[in-house]
Amino acid sequence: MNNKSILQASNLSIGYFHKKENTTIATNISLSLTQSKLIALIGANGIGKSTLLRTLTGIQKPLSGDVLLNNKKIENYSPLELAQNLSVVLTEKLPPSNLTVFELVALGRQPYTNWIGKLTETDITQVNHAIELTQISHLTNKKHFEISDGQLQKVLVARALAQDTPLIILDEPTTHLDLLHKVALFKLLKKLSQETQKCILFSTHDIDMAIQLSDEMIIMTPETVVQDEPCNFISKGTFSTIFKDEHISFDAQKGKFIIR
C-alpha cells in the first residue's frame, strides 16, 4: 500500500531574516512526510531542528523553496484552515489557568467550534476518543497543574489528536521525562501513527530510542539534511556523522551509540 504524502518540502533553505541580512541554517532540504509514519528528527544541539520544524509548520517563512501541505503552499492557508490540517505540540510551559485535563484536550476542537466555542456532540466524541487513545481517562477531572510532566505530555498529545489533523508535529516531547515515561510516550506515538494513520513528526535527543521505534528519520548535520529508514542509515554509516567527538561513536552491530 502506498501511503499518501501529506507534507512535502522541496529545495528548502531555512534560517532567519534579520534587518537586511539572511542567516542561513540549512539549504537544499527535500522531505516527504507520509501518512501512518512515525518520523524522528535528530541532530546535534543547536543544529537548527526547531527552525526546521517552525518552517515546516508555517510559523516561520523559508529563505527559499516551498513547503506544500496536501499539495497547497503552506503560506496560502488561513490560520483556521492550517489548524484543521496540522497540529503542533511545542515544549512551552502552559499559561496559568484552572483548566481540567478534559478542558485542555477539548481546546484541540477550537478550529471546528463556532465563535461561542460551544462543543457539539461530534466535538465531545472526538475529545473522548483522543482521551481513550492516549489512556488518560483517569485524569480527566484533574487540573492540568496537578499531574506529572509525563502525564501532561500525554494530555498535549491527546489535544493534538482531538484536533484531528493528518499531521502532528512535536518539538522535543520527551525532554523533561524520565526513562520510563520516555519509553511510554515513544510507544504511544508509534501506536497512534499506526492506528490513526496520521503522520507524526517529532524532534528528539533520544537517538537510540528513535532508531528502535521510528519508521523513518530525518538527520540534520552541518552539511546535509537527509531522510531515510533507520536501517538504511545504519548500513550507510550516517549516524557516525552526527557528533564530531572522538569519545562518541556509533556501533552499527548493536545499532546504538557507544561512549569511549
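A nonpolar core here is a set of buried Ala, Val, Leu, Ile, Met, Phe, Trp, Tyr and Cys residues joined through side-chain atoms within 4.5 Å, where buried means under 20% relative accessible area with a 1.4 Å probe, protein chains only. Keep in mind that this is a predicted model, with local features needing pLDDT of at least 70, side-chain atom pairs counting only at pLDDT 80 or more, and totals for chains, interfaces and linings using all residues. Residues are numbered from 1 along each chain as its sequence is written, and side-chain values use heavy atoms, leaving out hydrogens and water.

So what sits in the middle? The largest nonpolar core has 45 residues, and Val-105, Met-217 and Phe-239 have the most contacts inside it. Helix H5, spanning residues 149-162, gives the most to this core, with 8 residues. Take Phe-239: leaving aside neighbours within four places in sequence, its contacts (heavy atoms within 4.5 Å) include Ile-42, Met-217, Pro-230 and Phe-257. There's also a second, separate core of 28 residues, with Ile-14, Ile-47, Tyr-77 and Ile-218 among them.

Now step back to the whole chain. The protein has 8 helices and 12 strands, counted as DSSP runs (H or I, at least four residues, for helices; E, at least two, for strands) and numbered from the N terminus. Buried residues make up 47% of its 260 residues. Among contacts between residues at least 6 apart in sequence, 67% join residues at least 24 apart. As for overall dimensions, the C-alpha atoms fill a box of roughly 55 × 45 × 40 Å, taken along the principal axes.

Methods: Buried means under 20% relative accessible area, exposed over 50%, partly exposed in between (1.4 Å probe, protein chains only).
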